[in-house]
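Welcome, and thank you for taking a look at this one with us. Please have the sequence and the model open side by side as you read.

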Amino acid sequence: MQATLLTGALPREHGNRGNGWYFRDLGEVLLWRQHNALVGGDKLWDAARRAHPGYTVANVCWWYAMGAQVDWTVTPRPSTRRWPQGP
C-alpha cells in the first residue's frame, strides 16, 4: 500500500507486494529491508520536482527511505530487539 501511495501505481506496476520478507533460514519476517530501489516507477517527489524545479522533499517515516532521492530523511530507528522464539 505504501508503494502504491508513493507512485500512484498498482503493485503489478511498481513491483512491491509487502513491507517485510520471510527468510526461511531464519524462520522469521524481517522488516527494514525497504530500499527505495525496490519500488519501481516514478516517485511522487520526482513528479513534483518536474512540475516545480527546486522543490524540496522531506521523507518522514516512510518505509522506502533508504536510497531515496530526497533532501531530508527522518525515520525511526529500527528495533534490534530479538523476540523469544516459540517452542
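## Histidine 14 and its surroundings

Let us begin with histidine 14, which sits in helix H2, spanning residues 11-14. With a relative accessibility of 4%, histidine 14 is classed as buried, because that value is under the 20% cut-off. Its side chain makes a polar contact with the side chain of threonine 4, at 3.0 Å.

Which residues does histidine 14 touch, once those up to four places away in sequence are not counted? They are Ala3, Thr4, Thr7, Ala9, Leu38, Val39 and Gly40.

## Overall layout and confidence

Stepping back, please keep in mind that this is a predicted model. The protein has three helices and four strands, and reading along the sequence gives the pattern α-α-β-β-α-β-β. Of the 87 residues in the protein, 24% are buried. Among contacts between residues at least 6 apart in sequence, 46% join residues at least 24 apart.

The mean pLDDT of the protein is 82, and 84% of the residues reach 70 or more. Which elements have the lowest and the highest mean pLDDT? Strand S1 (residues 21-23) has the lowest, at 80, while H3 has the highest, at 93. A word of care for your reading: where pLDDT is low, the predicted coordinates should not be read in detail.

## The second largest pocket

Now for a look at open space in the model. The second largest pocket has a volume of about 160 Å³. Its lining is made up of Leu5, Leu6, Leu44, Trp45, Ala48, Tyr55, Val57, Ala58, Asn59, Val60 and Trp62. The elements that give two or more residues to this lining are helix H1 (2-7), helix H3 (44-51) and strand S3 (58-60).

How many nonpolar, polar and charged residues does the lining of the second largest pocket have? By class, there are 10 nonpolar residues, one polar residue and no charged residues.

## Alanine 58 in strand S3

One of the residues lining that pocket is Ala58, and alanine 58 lies in strand S3. Is alanine 58 buried or exposed? Its relative accessible area is 51%, so alanine 58 counts as exposed, the cut-off being over 50%. Further along the chain, valine 70 is 12 residues from alanine 58 in sequence, and their C-alpha atoms are 6.2 Å apart in space.

Valine 29 belongs to strand S2, residues 28-30, and is partly exposed because its relative accessible area is 48%. Leaving aside neighbours within four places in sequence, valine 29 is in contact with Gly20, Trp21 and Tyr22.

Tyrosine 64 is 45 residues from asparagine 19 along the chain, and 9.2 Å separates their C-alpha atoms. Where is tyrosine 64 found? Tyrosine 64 is in the loop between S3 and strand S4 (72-74). Tyrosine 64 counts as buried because its relative accessibility is 0%.

Conventions
Residues numbered from 1 in each chain as written. Heavy atoms only, no water. 1 Å grid on protein atoms, 1.4 Å probe; cavity = no way out; pocket = protein on both sides within 12 Å on 5 of 7 lines; lining within 4 Å. Points joined across faces, edges and corners; volume = space filled by probe spheres on them. Nonpolar A, V, L, I, M, F, W, Y, C, P; charged D, E, K, R; others polar. Buried < 20%, exposed > 50% of the residue type's maximum accessible area, 1.4 Å probe, protein only. Polar contact = N/O pair within 3.5 Å; in protein donor to acceptor, adjacent residues only side chain to side chain. Contact = heavy atoms within 4.5 Å. pLDDT = per-residue confidence, 0-100.
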